[in-house]
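Dear colleague,

Please read them with the model open beside you.

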Amino acid sequence: MDFSDTLIEALSLNKPVYILGDLNCNMLNLINQPTRVTENSKTLIDVFLTSTPNLVAETKVVPISISDHDLVFASLNLKKERTKPVYIYARSYKHYNREAFLKDMSAAPWSVVDCFDDVEDSLNAFNLLFNEILDCRAPVKKIKIRNRPNPFVTDDIRELMKTRNHWRKEARKTNDLLAWASYRSLRGEVKRDLRVAEREYIAEQFRTNPNNTRCLWKTIRSCIPKKPANQRTFAKDDIVVANEFNSFFSSVGQTAITNIKSLAEKCNYDLSQSEFKPTYHPESEQFMFETVDCEEIREIVSSMPTNKSPGIDQISMRVIKDSLPAILPTITSIINTSLVSGIFPRDWKMAVITPISKDGNHEQANNNRPISLLPILSKVCERTVHNQMIPYLDTKQRISTQQSGNRRFHSTETSLIETTDSILNAIDGKELTAVVMLDMSKAFDSIDHNILLLKLQDVGVSPAALNWFSSYLSERFQVVRINNVLSDKLPVNSGVP
């Protein structure tokens, strides 16, 4: 980016611009004294330009001996901008009571949901009943985002901090030696107590979560110094940023597909020649969905983490687990209706995208990683399908033995072990090893739905089950959340959820 582009971008964002430098020209600027003086001339060629002259308190030219140009400087009247508070809409659990919530759920007329044959109507009736009760017990409120409290700072330490701060204030006010001594003593005591409390907290996390790798790594990361996470602000309105981000994220897959076609055309490669034709499997060998019972749904819900982020419906896994004894038969019925009818409900297809900033300017969409949040119950239905599909693929040996991703007891570690073993065997056999590694850009975002359905047919998915997968992939939409604002919804025509 050249200077003119940078200047135009800064001016378009309504940001103050300051330009200082040796421009070798006499021009109108805030410096009114010569900046280069010789025996033959006096010139003003070191300039100070700004788009906000009202913020300039003083400018000066100071003679120096290390250069034939004098030093130019300016004093500015600047105030640190107060960070605007960020609000979000979230459920308030301040007065939430699990027992009372479960009692209300048990009294609800859930039999109404079974009166509908269409899964869309059944889910709509369920959502109306569930949300009406949940809104009474844990209403959605506008909440100000605050910093998370330090987990190992106890009430005793907080009181000690208040006493320390009192003596610091007293010492500065009176300049009394005893007050200063008391403040220093309390300051040291607070530091010691914080170190002890932090060590005890970390040791307790390791003792109580020996098998929870996620919790252990979270604890380890908390001990590693990191840059402070500054609150993100945007020069444009939140709704404008949200719509721009959504337009970018929703087009990533299609852009990758367009680039692939363009590259194929450039290389004179006909993509139609590689059209995939699925293998035929007799009906007795095909995968078909089976209805599930309440116990299987209970196990799926119980195995999911309680802190899983909710989707656009603001229904968390916490309240699903709390109300499970009352709603379990109804959830099971809705999932079974979906599997039998081959229809994945529309309410479960709306994703909320939360952008997570990477390196670079966070106001540019491509410097953000999209995190997709779907309704919790849609994840329960997905897990139900997963639990039926994977055993079929393993039993029929429809998954390549070379695949390590998305397989139980397989990971990047098993892939590296197999690769390393193959290379060592080649070395022992005095053979040459060549490794080709490919990094597929936007691989999951650019998956063509029609090709994916053909692949599912190839591994033996029946036409009835294929209808469910087609419904699952089609008519999906997403919105982007920036602070407290949601963008307009846009369709998602490629990739996997």
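In this predicted model, I331, I335, S338 and L339 of helix α10 meet L377, V380, C381, T384, V385 and Q388 of helix α11, where contact means heavy atoms within 4.5 Å. By class, this contact of α10 with α11 has 7 nonpolar, 3 polar and no charged residues (Ala, Val, Leu, Ile, Met, Phe, Trp, Tyr, Cys and Pro count as nonpolar, Asp, Glu, Lys and Arg as charged, and the others, Gly among them, as polar). Helix α10 covers residues 324–341 and helix α11 residues 376–395, and their axes come within 11 Å and cross at roughly 60 degrees, which makes α10 oblique to α11. The crossing of the two is right-handed.

As to the terms, helices (H or I, at least four residues) and strands (E, at least two) are DSSP runs numbered from the N terminus, and axes are lines fitted to C-alpha atoms, for helices over the stretch in contact, with angles from 0 to 180 degrees between N-to-C directions. Angles under 35 degrees count as roughly parallel, over 145 as roughly antiparallel, 65 to 115 as roughly perpendicular and the rest as oblique. A crossing is left-handed if the near helix is turned anticlockwise from the far one by less than a right angle, and right-handed if clockwise.

Helix α2 (residues 98–107) packs with helix α3 (residues 119–137) at an angle of about 155 degrees, their axes being 10 Å apart, and α2 is thus roughly antiparallel to α3. The crossing here is right-handed; A100, F101, D104 and M105 in α2 meet F130, I133, L134 and R137 in α3, a contact that divides into 6 nonpolar, no polar and 2 charged residues.

For helix α4 (residues 155–174) and helix α5 (residues 177–208), the angle is about 155 degrees and the axes lie 8 Å apart, so they are roughly antiparallel to each other. Their crossing is left-handed, and the contact of α4 with α5 has 12 nonpolar, 3 polar and 7 charged residues.

On sources, residues are numbered from 1 along each chain as its sequence is written, and side-chain values use heavy atoms, with hydrogens and water left out. Local features need pLDDT of at least 70 and side-chain atom pairs count only at pLDDT 80 or more, whereas totals for chains, interfaces and linings use all residues.
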